[in-house]
Amino acid sequence: MLWAYANQFNITKLKYIVGGGESGQESIYCGLKELIKNHSNQDVVMVHDGNRPMISQEIIADSFAIFKKYGSAVAAIPCIEAIFESEDGVSSDVAIPREKLWRTQTPHTYTLGKLLEAHQIADKRNIHNTTASCVLMQMLGEKIYFSKGSEKNLKITTLEDIEIFESYLGMGNKDSMEYLK
């Protein structure tokens, strides 16, 4: 069924379709186990959220550049809002300096072997349902290196996100439509 949709919408970059897991972490692990069948440990893997359809060539290129320099890369953008910590979701007396905070996005770029090994270790240690590959890597002692992200690298999760996405498409920006292919 998915191959039919890919053909119908002329999506030519799709190479594999792998069933997902119970969580994002498990779904990534399923994909990695499929990739290792036809690729080497040294091949570069970019993990990207399917609900971030607006990724740009600039973000992809910078992710590769940072990966080449440090051995890994995670798209990120600085926080620009005031940030507070709250125990009850009602009030707070703890402000966190936004200059120290970065919002991660995808792609997350690693070698296939390194990311697969991290998932295998997580499975042995009973670490499940981490929010992102970079969180898993950090939990396993890896330093996270930031590559360029963008507010336009929108993650469509809420109804408001759909409205923003539709606004981007409605702007008639030809580049926006290219991201979807």
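**Start at T106**

Select T106 and H48: their side chains are joined by a polar contact of 2.9 Å. A polar contact is a pair of N or O atoms within 3.5 Å; within protein, one must be able to donate a hydrogen and the other to accept it, and residues adjacent in sequence count only if both atoms are side-chain atoms. This is a predicted model: local features need pLDDT of at least 70, side-chain atom pairs count only at pLDDT 80 or more, and totals for chains, interfaces and linings use all residues. Residues are numbered from 1 along each chain as its sequence is written, and side-chain values use heavy atoms, with hydrogens and water left out.

Now show the contacts of T106 (heavy atoms within 4.5 Å). Not counting residues up to four places away in sequence, T106 touches V47, H48, D49, R52, A75 and N153.

Is T106 buried or exposed? T106 is buried, because its relative accessible area is 4% (buried means under 20%, exposed over 50%, partly exposed in between; 1.4 Å probe, protein chains only).

**Widen to strand 5**

T106 is found in strand 5. Strands are DSSP runs (E, at least two residues), numbered from the N terminus.

**Step to the partners**

Two strands pair if DSSP finds at least two bridges between them.

- Select strand 1, residues 44–47: it pairs with strand 5 in the antiparallel sense over four bridges. V44 has T111 as its bridge partner.
- Select strand 2, residues 73–78: it pairs with strand 5, also antiparallel, over five bridges. Here V74 stands opposite H108.
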